[in-house]
Amino acid sequence: EWKALYEETFGKDFFQHQSDTKFWEKIYTVSDEDIWNLRMTMKNKFINFVRRDFREKWLKNQGDPSRIMSIVDKINPNALIIGFARRFATYKRAHLLFSDLDRLSAIVNNPQFPVQFIFSGKAHPADGAGQGLIKRIMEISRMPQFLGKIIFLENYDMIVAKRLVSGVDIWLNTPTRPLEASGTSGEKAEMNGVLNFSVLDGWWYEGYKFCKQAGWALTEKRTFTDQSQQDKLDAATIYSMLENEIVPLYFAKNSKGYSPEWIQYIKNSIAKIAPHFTMKRMIDDYIERFYDKEAKRSKKLVAHDYAVAKEIVEWKEKVAAAWDGVSVVSINETIDHNSPKTGEAYSTEIKLDTNGLGTSLAIEQVVYKVEDGIEKMVGTEPFKVVGHDGNIVTYELKNKLREAGVFRYAFRIYPTNALLPHRQDFAYVRWI
Ligand SMILES: *Cc1c(COP(=O)(O)O)cnc(C)c1O
């Protein structure tokens, strides 16, 4: 349904230009009513799916038919439906929402502004903690105050995922920072007019920056080093954002039965965020940053019967054979170690016996700082070759003490050759 709307609104060319934001901006030309009707179509599809497919499974597994029918009947298309579905790895913190059951009960049992949560997911068979989480959520979903308000869908798979990411109103993700690599299900939700409410981690850390009026975020900053304290704070923040921002926005409905501000959020998320998270954009990045460069380099290496490849191999063998015989002849420094002053110029001269390697060797100064007991790299300064006498090569660094503070430094020798794609291609290094 969304694909059809995109094609109709953005034009036939759109599918070839999915990463071009200009196309997506046209979502603003669609009427609020059309967006809302489409959302309701998808929501009802999801609800019908749950009613049809899950009634049977639940009846088989849980017995009590009257309770199951009451759950199925309670799924309410007019409620704000929040989805949370993923692998139940413990870092995903599926339990977070259940830290304060009384507060949660007040949110889901508000007769004027009903909210429902749909959970789904699987834990790895060997992940006892993950399975424990699922068990706990199922227990909670059977408590009288949460019956039909917190629903757990078993056997999460691509079919369930598809209905969920297109059918709910909000996609919730509450991982432990900074463990979420991406959280791709949120990207799927975004394409379907489902708004994200997530910790600023994984993809949402980047996505939320494109537009703030398009979803909700829990700050990426950790307040507590103790994880259980952090969990409590995050849970309290989730409750309060639901109570004060999200629920009121959703239920600020006009006479036509929808909230124009909510639709604005949906349009913003489609126009400003979705285009940056298409597979097309990712492939474009790979082509530009890696595949094109690799292709060019590959051509260069194989040309004229692998002439360049052979040259590189020969050079590497020569360096490797002579490497252990390289030695430092002298180091002369003008830097005043006792009272260095900011702004002062200094120079360092190093003479190397290159053991026949000549200017295949380079030297750099590596500067670092110690902050709170942690060594932090500040940068590197390259030496210049200033003299050449038989095997002896003279290197010089002229520099200034640019910053105040306590710094440490060291020098290192490494092989250099313009034909190497990068230094790690031949990662020899000698600290002096
Ligand atoms: C998208 C998807 C996932 C991955 O979701 P994340 O948010 O990246 O954890 C896992 N399972 C199914 C069935 C999916 O559709």
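I took buried to mean under 20% relative accessible area, exposed over 50%, and partly exposed in between, with a 1.4 Å probe and protein chains only. The model is a predicted one, so I kept to its rules: local features need pLDDT of at least 70, side-chain atom pairs count only at pLDDT 80 or more, and totals for chains, interfaces and linings use all residues. Residues are numbered from 1 along each chain as its sequence is written, and side-chain values use heavy atoms, with hydrogens and water left out.

**Surface patch**

I looked up Met 279 first, and this residue counts as exposed because its relative accessibility is 55%. Met 279 lies in helix H12, residues 279–322 (helices are DSSP runs of H or I with at least four residues, numbered from the N terminus). I then found that Met 279 belongs to a nonpolar surface patch of about 660 Å², made together with Met 282, Ile 283, Tyr 286, Ile 287, Phe 290 and Tyr 291. Such a patch takes residues with over 30% relative accessible area and no salt bridge, nonpolar side chains (Val, Leu, Ile, Met, Phe, Trp, Tyr) being joined within 5 Å; the areas come from the Shrake-Rupley method with a 1.4 Å probe, and for residues only the protein chains shown count as cover.

**Ligand site**

Which residues are around the ligand? I listed Lys 92, Tyr 156, Asp 157, Met 158, Ala 161, Gly 183, Thr 184, Ser 185 and Lys 188, a residue being near when one of its heavy atoms lies within 4 Å. By class, this shell has three nonpolar, three polar and three charged residues, where Ala, Val, Leu, Ile, Met, Phe, Trp, Tyr, Cys and Pro count as nonpolar, Asp, Glu, Lys and Arg as charged, and the others, Gly among them, as polar. Helix H7 (158–167) and helix H8 (184–191) each supply at least two residues of the shell, and H8 gives the most, with three.

For polar contacts I used pairs of N or O atoms within 3.5 Å. Oxygen atoms of the ligand lie 2.9 Å from a side-chain N or O atom of Lys 92, 2.7 Å from a polar side-chain atom of Thr 184, and 2.5 Å from a side-chain N or O atom of Lys 188. The protein covers 79% of the 380 Å² of accessible area that the ligand has on its own.

**Salt bridges**

I noted 26 salt bridges in the structure, each a side-chain nitrogen of Lys or Arg within 4 Å of a carboxyl oxygen of Asp or Glu. Lys 45 pairs with Glu 1, the closest N and O atoms being 2.8 Å apart. This pair links distant parts of the chain, 44 residues apart, with Lys 45 in helix H3 (residues 32–62) and Glu 1 in the segment before helix H1 (2–10). Lys 45 is partly exposed at 36% relative accessibility, and Glu 1 is partly exposed at 42%.

Glu 243 and Arg 103 also meet in a salt bridge, at 3.0 Å from N to O. Their link joins distant parts of the chain too, from Glu 243 in helix H10 (residues 227–250) to Arg 103 in helix H5 (residues 101–108), 140 residues apart. I also recorded that Arg 93, Arg 177, Asp 231 and Asp 234 are joined into one network by salt bridges that share partners.

Key:
Polar contact = N/O pair within 3.5 Å; in protein donor to acceptor, adjacent residues only side chain to side chain. Patch = residues over 30% accessible without salt bridge, like charges linked within 9 Å, V, L, I, M, F, W, Y side chains within 5 Å.
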